Amino acid sequence: MQELFINLLPFAFSGALVGLLVGLTGVGGGSLMTPLLTIIFGVPPGVAVGTDLAFAALTKGVGTLAHRVHGHVRWDIVGFLALGSLPAAIITILVMKEVGPIDTHWHHTIKVSIGISVFLTALSLLFRKSLLAWVEKHPKAQLHGKTQRIATVLVGTVIGVLVTISSIGAGAIGATLILLLYPNLRAPEVAGTDIAYAVPLTALAGLGHWWLGNVHFDLLTGLLIGSVPGIWLGARLSKSLPEKYVRGALATTLTLVGIKLVS
């Protein structure tokens, strides 16, 4: 038991660190956790992705319950996103299964996809306000009705593939795209909707990776032990720290991590 605790300690510390940043900013879970496991601990990219997806499904599930109680989830948008993301996740898993055992080349492909997803997350953090300002100044560019619904399904499809391959994309990227499609949503509705559609997506993708043998349950336990108090502490500190500086630091960190992954 003592040996297991010692082995889990570094991962619990990592979970606490990432949880702290998630609590502070609301984003950064997968975009930090997966690269951290890959770069610092040398966890194979496939295992890092699979374990992080299982981790995200559990933690986002709790977040969804909290947002549902306060009425912050737009279930109609969740439905259209899921219509695209869930079939995309299933097809991606089947393609990965067809490719066969993860060899060195496949490891490199997953690692690069993680790096690209990290870059996209950093960009979404840096330019979200500018994009929203442009949309507000150009109301004719906003989508409505059937076109808006189709675009939502397509966004879900792209994120479904991205999340299944890299475990990254359902947070900052998803929230930014939801805001661009639905600029009139209140901030709590964006957060609640983004978390809610990510739960079935990460759960399904996580099950797929478990089927592929890519989920490490001891590692998952360590991450969960650390993340719960980390998220709580981050949420407490977020009231006193300027969010724009924290987001700026997070975006800078993600950019450096992305460079490391694709280099």
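## Overall fold

Of the contacts in the protein chain that link residues at least 6 apart in sequence, 82% connect residues at least 24 apart. The model is predicted. Its protein chain has ten helices and zero strands, giving the pattern α-α-α-α-α-α-α-α-α-α when read along the sequence. The chain counts 263 residues, and 48% of them are buried.

## Packing of H4 and H6

Helix H4 spans residues 75–99 and helix H6 spans residues 145–166; the two pack at an angle of about 35 degrees, and their axes are 7 Å apart. Their crossing is right-handed. On the H4 side, the contact involves Ile77, Phe80, Leu81, Leu83, Gly84, Ser85, Ala88, Ala89, Thr92, Ile93 and Met96. The H6 side contributes Arg149, Thr152, Val153, Val155, Gly156, Thr157, Gly160, Val161, Thr164 and Ile165. By class, the residues of this contact are twelve nonpolar, eight polar and one charged.

Leu162 is also a residue of helix H6. Leu162 and Ser85 are 77 residues apart along the chain, with their C-alpha atoms separated by 9.5 Å. Setting aside residues up to four places away in sequence, Leu162 touches Ser117, Leu120, Ser167, Ile168, Gly169 and Ile173.

## Aromatic and charged side chains

One aromatic pair is present in the structure.

Phe11 has a relative accessibility of 17% and so counts as buried, whereas Phe41, at 30%, counts as partly exposed.

A charge placed over a ring is found at Lys97 and Trp211: the charged end of Lys97 sits over the ring of Trp211, 5.0 Å from the ring centre.

Asp52 is located in helix H3. Is this residue buried or exposed? Asp52 is buried, because its relative accessible area is 1%, where the cut-off for buried is under 20%. Asp52 and Ser167 are 115 residues apart along the chain, and 6.6 Å separates their C-alpha atoms.

Which residues does Val215 contact beyond its neighbours within four places in sequence? They are Gly50, Thr51, Ala54, Gly206, His209 and Trp210. Val215 itself is placed in the loop between H8 and helix H9 (217–237). With a relative accessible area of 14%, Val215 is buried. Between Val215 and Ala54 there are 7.5 Å in space, C-alpha to C-alpha, for a sequence separation of 161 residues.

## Pro200 in H8

Helix H8 covers residues 187–211 and includes Pro200. This proline has a relative accessibility of 32% and so counts as partly exposed. Pro200 and Lys60 lie 140 residues apart in sequence, while the distance from C-alpha to C-alpha is 9.6 Å.

Note on methods:
Residues numbered from 1 in each chain as written. Predicted model: local features only at pLDDT ≥ 70, side-chain atom pairs only at ≥ 80, totals over all residues. Heavy atoms only, no water. Axes fitted to C-alpha atoms, helices over the stretch in contact; angles between N-to-C directions. Helix = DSSP H or I, 4+ residues; strand = E, 2+ residues; numbered from the N terminus. Left-handed = near helix turned anticlockwise from the far one by under 90°. Contact = heavy atoms within 4.5 Å. Nonpolar A, V, L, I, M, F, W, Y, C, P; charged D, E, K, R; others polar. Phe/Tyr/Trp six-rings, centres within 6.5 Å; stacked < 30°, edge-to-face > 60°. Buried < 20%, exposed > 50% of the residue type's maximum accessible area, 1.4 Å probe, protein only. Lys NZ or Arg CZ within 6 Å of the ring centre and 35° of its normal.
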